[in-house]
Amino acid sequence: MAEKKIVKVDAPKTGCVACMPRTMEIPLGPQHPALKEPEHFLLEVEGEVIVNATPRIGYVHRGIEKLAETKTYSQNLTLVERVCGICSHIHSISLVNATETALGLEGFKPPERAEYIRTIVSELERIHSHILWFGVAAHEIGFDTLFMLSWRDRELTMDILEDISGNRVNYAINEVGGTRRDLSEKQIARMNKYMDITIKRLKRYTEICLKEDTIRLRTQGIGVLLPSTAKKLCAVGPTARASGLKIDIRYDDPYNAYAGPLRDIFNVITYDTNDVFSRVVVRLLEIIEACKYVKWLLANLPDGPVFIKPPRKVPEAHVLSRTEAPRGELIHYLWSNNTNKPYRLKITTPTLANILSVAEMLKGDYIADSTITLASIDPCFSCEDRIITIINKDRRKAKVDNLTMDQLRKYSREWHAKNKRWKK
Amino acid sequence: MSDLKREQQVVDALKSHFGEKLLSIETTFPRRIDCTVKDPDHLEVFKFAKEKWKAWHLIAISSVDTPDGVIAAVYHFDIVPPHGTETAITLNLRVDAPNREKAEITSAVSVIPGAQFFERETHDLMGIYFKGHPQLDRLILPDDFPDNVHPLRKDFLLEIQKEEAAKKAARAARAKK
Amino acid sequence: MLALWAQWLLLVLGILFFPGIAFCISLALFDEWVDRKFYAALQDRIGPLHTGFKGIAQPLADFIKLLSNEDIEPSAADKWGMRIMAIFGLAVPLVLLLFVPIINTTGIISFEGDLLLLSFLTTLLALVIFLAGWFSANRLAMPGTMRAASQLLSFEIPILLAMFSVAMRTGELSVAGIVNWQMVHHRPVMFSLPMFMFLIIYLLATQAELERTPFDIPVAETEIVGGWEVEYSGKKLAFFRLGADLQMIYSVGIATSLFLGGPIGVEMWIPSFADWLASSASLSNPNGILWIAVIRMAYYVLIFAIKTTLLVLALSTFRALMARIRIDQFLEFSWKWLIPVSLGLMIFSIFWVPWLDNTLWVKFEGLFPTGGGT
């Protein structure tokens, strides 16, 4: 019988026998339409209510930390940008900051204009990442119109990024010692124009979100993370700020242009309803703030070169570089050893810090809310996993890491010929 | 920012409270303090910081296979949390494991519950066993990965590293000739 | 009078082609295209574009493509159950559509009391969906099935209340009777406050019946991966998809017949036009003029298509404007608001109708040249 296979009857817990729990395990992922990246949550449900959630990550582990030890600093910039497709720039900023801090022991200092340009790109990245998240969140609660419209407005930011860096996703604008590209007057004028439009549109969306009934029905009181729990579980980024904790690395541990006069007008956004709604509002307000910072940075862009040639070898140092990625606090911990390659590079991404919080938030929610709750921390699992593709050669006969595309294709053809049941 | 006054105050406070227990403590960069302690003492540091500065935020746990062949875990801890317009001060608290084969460090989960996943990740990749951790399962590596292989240790070589090592050996052999 | 075999031939042709299966499927695919285009326009997109004129053939192309897709059946599932349910999922809406008056004031099948049969068959549709999910034996289909069952059953009641309120208002228990009532009384049922409210309730419930946003809870893609239809692929999915389109046409078609006067258009108020149309040839009137019959048929189809398409546009606007609500919120909305309100309205309409007919409408009907009234 079909029923026996899927319904798991648990032993009765404490309390009355009449309310004996009949729980069912529902897998959320690794493949799920609501997840952009593979990730597995085993939800234990009673009816429609989740009683327990067990996360399992590691499906997109690519071995980046290990690989970074074999590459030079400028090669590593290209590598760490591939950690995540959405917040790629902030990873390269982190590594560049760590490297330049270590080089600072020998008196190296990057040009100020380059720091401003980096900050501008990172704020633009925050804008597009947050709008992307907003669209996805709207899609999760079934509001496809908002999803389409917000992604239309995201295109403005993507156009700017393409204009100033040449790429839509991995901008590759950083270099140890400065940036690869400078901003022209025409680009600055265009960015100012687009930022004004984005601010206008985002104010409208904020208004909609604060008033629209179905959005409020689906987000208010869902996925509650109390400030005390957030502190206990070390939540970071907008997730913590939506629980009323005033932490933002851009303000608390300023780097690049945030350490300058921008700090005086900086505004840490917090909201105190602790639920998904709160996270929506925090992110929307953050986009508006980010647009303002971009405008401020463009208005106060210092003159000068954007690149100074750095020394080849990085002196021995243990540098902790903290940056605020769109999803929260990002850590690059660099051990340099007086060569041109890092001795050890440790990356910790905000999603890993927040995944414990989300498991906590899921408890007591409805299944219907699980995806929006999960999405509310803006999870980025490829950031989180980074590290393998170490192929256990006994387990799988092929050495996948050395295969070319053609070999891989040939391998798949052979595999399917061998395993006939997959053929039609 | 160039004067490290606030950092020095924190260093002094730690020194006066822990004395000999701190194996080394220094501050090279602004807002960063590097410190080394023996195994269970890191919990005392966390408790002290929690009481004195109301610290709560464990940023991350790094792990390093040092050039001396010591497996070390580095706890990055916001020892002075941000307050008003003041910036935060971060403590890089290094704890060495007693030996490579049985690298054991006391888990910080009892003091900071948020350390759970960081420790599981470190356990997976660097092979540090955290004593007292509630659930030290695989987090990132596949479930059937061999137990005694830890990819981030220096004795684990990638294909590219093996090739490089082979080349180096060949070059050395040629030079000898 | 035509020979009996000719009558039967006409009936079979009517069921198979016009206005039966073939025509209804074309209309359903057309309305899906309208729905998709309009929905896309509301979202600042373009929608289907390349197949046929402005992508008008896209729903058909999708259907054919789905038919040709691989049909995968899980080993744990009840395979015959799944197959039979897919056929039912297409057949039940087709049967339902035979009762809808499209080219005439009566449907292909029409008898006194067919409204009761319709209400039974729509409930059967809910059962089909429930069993379809149940047979597929999937962990994600189960919650979808449960949701579908609770949602469809709780929305049957407002639909039935709306339908039978119209029956009470008109004193007829057949679709054809209600359409004729509107013709005789020179006004659609909708032209009265409680009945208009019932039209809105009916459309709301239809949205839930069709599982469209904000009531697409049983098939919520981002929550339970398509819900009850998760294991259906290839031909079976194509059947269910087409069935859903047909069900949409049926639902708006019944709404048109019950509230908007069915295929009857302006002749409701222009008696000379109505007489001219009545002079056409038909089975009951073999001496009539044949070409008028053709024009009458085309005219009725046009009016019916316009009315249903307008209702489809209303439904897709509703779809674009809201987020999906949760199952508990939905049930709360249904049982705490919609059902009590429709019950109240039903009682209200019982008292309202005599008063309206006796006082208000008599004064009001002077505006129309034909007079009439009860």
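1. A crossing of two helices is called left-handed if the near helix is turned anticlockwise from the far one by less than a right angle, and right-handed if clockwise. By that criterion, H4(C) crosses H5(C) in the left-handed sense. The model under discussion is a predicted one.

2. Geometry of this helix pair. Helix H4 of chain C spans residues 79–97 and helix H5 of chain C spans residues 114–135; they pack at an angle of about 160 degrees, and their axes are 9 Å apart. Angles over 145 degrees count as roughly antiparallel, and H4(C) and H5(C) are therefore roughly antiparallel to each other.

3. Residues of the helix contact. From H4(C) the contact draws on C:Gly81, C:Met82, C:Met85, C:Phe88, C:Gly89, C:Val92, C:Val95 and C:Leu96. H5(C) contributes C:Leu118, C:Leu121, C:Leu124, C:Leu125, C:Val128, C:Leu131, C:Ala132 and C:Phe135. Sorted by class, the contact of H4(C) with H5(C) holds 14 nonpolar and two polar residues, with no charged ones.

4. The sheet of chain B. Five strands form an open sheet in the order S1-S2-S5-S4-S3, with mixed pairing. S1 (22–26) and S3 of chain B are the edge strands; each has a single partner strand, so one side of each is left without a neighbour in the sheet. From one strand to the next, the twist averages 20 degrees.

5. S1(B) pairs with S2(B) in the antiparallel sense, over four bridges. Within this part of the sheet, B:Leu22 is opposite B:Val37 in S2(B). Helix H1 of chain B, residues 5–18, packs on the sheet and touches S1, S2, S4 and S5 of chain B. The direction of H1 makes about 170 degrees with that of S1(B).

6. Helix H3 of chain B. H3(B) lies across S3 and S4 of chain B and runs at about 15 degrees to S3(B).

7. Contact of chains A and B. Chain B supplies 38 residues and chain A 39 residues. Elements of chain B that each give at least two residues to the side touching chain A include strand S2 (32–37), strand S3 (58–65), helix H3 (116–126) and helix H4 (159–176). S3(B) gives the most to this side, with five residues. The side of chain B that touches chain A divides into 22 nonpolar, 10 polar and six charged residues.

8. Contact of chains A and C. Here 31 residues of chain C meet 28 residues of chain A. On the side of chain C that touches chain A, H9(C) gives the most, with four residues. That side has 16 nonpolar, four polar and 11 charged residues.

Key: Residues numbered from 1 in each chain as written. Chains lettered and ligands numbered in written order. Predicted model: local features only at pLDDT ≥ 70, side-chain atom pairs only at ≥ 80, totals over all residues. Contact = placed C-beta atoms within 7 Å. Nonpolar A, V, L, I, M, F, W, Y, C, P; charged D, E, K, R; others polar. Axes fitted to C-alpha atoms, helices over the stretch in contact; angles between N-to-C directions. Parallel < 35°, antiparallel > 145°, perpendicular 65-115°, else oblique. Pairing = 2+ DSSP bridges.
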